[in-house]
Amino acid sequence: MDAINTDAPRDDDALEKAFQTKVDAETRIEPKDWMPEKYRHTLIRQMSQHAHSEVVGMLPEGNWLTRAPSLKRKAVLMAKIQDEGGHGLYLYSATETLGISRDEMFDQLHTGKAKYSSIFNYPTLSWADIGAIGWLVDGAAITNQIALCRCSYGPYARAMIKICKEESFHQRQGYEIMLTMAQGTPEQKAMAQDALDRWWWPSLMMFGPNDSNSPQSAQSMKWKIKRQSNDELRQKFVDATVPQAEYLGLRIPDDNLKWNEERGHYDFGEIDWVEFKNVVSGNGLCNRERLKDRVDAHEGGKWVRDAALAYAEKQKQRSAAAAA
Ligand code: FAQ
């Protein structure tokens, strides 16, 4: 058998061309395949930010676990939050296939070097916020993630399929909370409206900057990491969500929202990009609190990780002794 000469000069241009041909032909890229370094880095950036978002996203909802209005609501919310933790774990594992360790990713999150979704830096002020998060935040997340199920990188695309199924249940449980409140007492309906007022614009920001202002988009679309642009996905979300708000009898807080017959889509107002930039750069209402809670949870769990490692080491030594 011929040995592969790893010292031979490699023609990166030819490799990149072959790589792009493979992507264009819709052949999935797998961990051991050759890939351009920039593709690997782009995926590590996006997938680790996505994983961090799932894990930090547990915090605003966790705030309401002890105050859920009934045992049933509490059990459902607990299951949803655990699902989000599971999504973080799939995504961290999928990202590890690209050659970064989980410890490095945690370090990037805890030192503020890595981003996570802007949405989780807003406070959850009432029980209706739990409904609004499920309906709008999970609804926006699914809109984005359905497109990611066809991402060119195999482990990311496959993780998304399971995650989307669970997010779809999350979205329904949120909508059902909103429906119950919107059909409840006038005070409950007012709480639901207030939650929609506060979560609508931040939910639209989840899709990222406008296409004309999105530095990563062009290359990510060419590599089929992203299959639809930020603005296309945002429009899809608005078009799907407006009739849902109408059914609830709630008003979306946007005076410029109206159906455009010619485009076949809803027109909507301008996002406050100054607010978006502030939140993404660490100055949102809850950025500091969220990072502190994450770091505290990680440090608080150190003894569990140490105990698990010590146990694994003891088992290894026992098996080695038994085999000797
Ligand atoms: N927040 O050039 P682009 C969930 C950053 S999961 C913070 O457009 P790209 C589940 C962006 O990273 C929600 N940063 O970038 C759940 C880039 O930064 P960098 C998370 C943002 O990557 C529900 C820079 O701005 N989902 O909710 C945001 O092509 C309920 C320039 O932007 C994902 O992560 C933002 N909103 O497009 C859990 C999906 N937007 O690294 C609990 C995967 C943009 O260059 C409860 N990610 N940035 O410094 C994506 O699809 C993409 O990364 C985008 C951004 C669309 C987010």
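Tutor: Start with the rule: two cysteine sulfur atoms make a disulfide if they lie within 2.5 Å of each other. What you're looking at is a predicted model, where local features need pLDDT of at least 70 and side-chain atom pairs count only at pLDDT 80 or more, while totals for chains, interfaces and linings use all residues. Numbering runs from 1 along each chain as its sequence is written, and side-chain values use heavy atoms, with hydrogens and water left out.

Now the cysteines. Going by that rule, the disulfide count is 0. Take cysteine 164: its closest cysteine sulfur belongs to cysteine 149 and sits 3.9 Å away, which is too far for a bond. Cysteine 164 has a relative accessible area of 9%, so it is buried (buried means under 20% relative accessible area, exposed over 50%, partly exposed in between, with a 1.4 Å probe and protein chains only). Cysteine 286 is buried too, at 5% relative accessibility.

Of the 324 residues, 46% are buried. The C-alpha atoms fill a box of roughly 75 × 55 × 35 Å along the principal axes. Among contacts (heavy atoms within 4.5 Å) with a separation of 6 or more, 76% join residues 24 or more positions apart.

On to the inside. A nonpolar core here is a set of buried Ala, Val, Leu, Ile, Met, Phe, Trp, Tyr and Cys residues joined through side-chain atoms within 4.5 Å. The largest one has 76 residues, and those with the most contacts inside it include Tyr39, Tyr156 and Trp199. Helix α6 gives the most to this core, with 11 residues. Zoom in on tyrosine 156: neighbours within four places in sequence aside, it is in contact with Leu43, Gln46, Met47, His50, Leu91, Leu148 and Cys151.

Next, the aromatics. Rings of Phe, Tyr and Trp (its six-membered ring) pair if their centres lie within 6.5 Å, and planes under 30 degrees apart count as stacked, over 60 as edge-to-face and the rest as tilted. There are 11 such pairs in the structure. In one of them, phenylalanine 19 and tyrosine 39 have ring centres 4.8 Å apart and planes at 70 degrees, so the pair is edge-to-face. Phenylalanine 19 is in helix α1 (residues 12-24) and tyrosine 39 in helix α2 (residues 37-56), so the pair ties together parts that are 20 residues apart in sequence. Both partners are tucked away: phenylalanine 19 is buried at 3%, and tyrosine 39 is buried at 0%.

Another pair, phenylalanine 207 with phenylalanine 237, has ring centres 5.6 Å apart and planes at 45 degrees, so this one is tilted. Phenylalanine 207 sits in the loop between α8 (186-205) and α9 (217-222), and phenylalanine 237 in helix α10 (residues 230-248), so the pair ties together parts 30 residues apart in sequence. Phenylalanine 207 is buried at 5%, and phenylalanine 237 is buried at 3%. Ring pairs also link Phe19, Trp34, Tyr39 and Trp223 into a cluster.

Now the loops. Most residues other than glycine have a negative phi. Glutamate 26 has a positive phi of about 65 degrees although it is not a glycine; this residue is in the loop between α1 and α2 and is partly exposed at 47% relative accessible area. Lysine 224, also not a glycine, has a positive phi of about 60 degrees, and it belongs to the loop between α9 and α10.

Last stop, helices α12 (residues 287-300) and α13 (residues 302-323): their axes come within 4 Å and cross at roughly 35 degrees. Those axes are lines fitted to C-alpha atoms, for helices over the stretch in contact, with angles running from 0 to 180 degrees between N-to-C directions. His298, Glu299 and Gly300 in α12 meet Lys302, Trp303 and Arg305 in α13.

Terms used. Helices (H or I, at least four residues) and strands (E, at least two) are DSSP runs, numbered from the N terminus.
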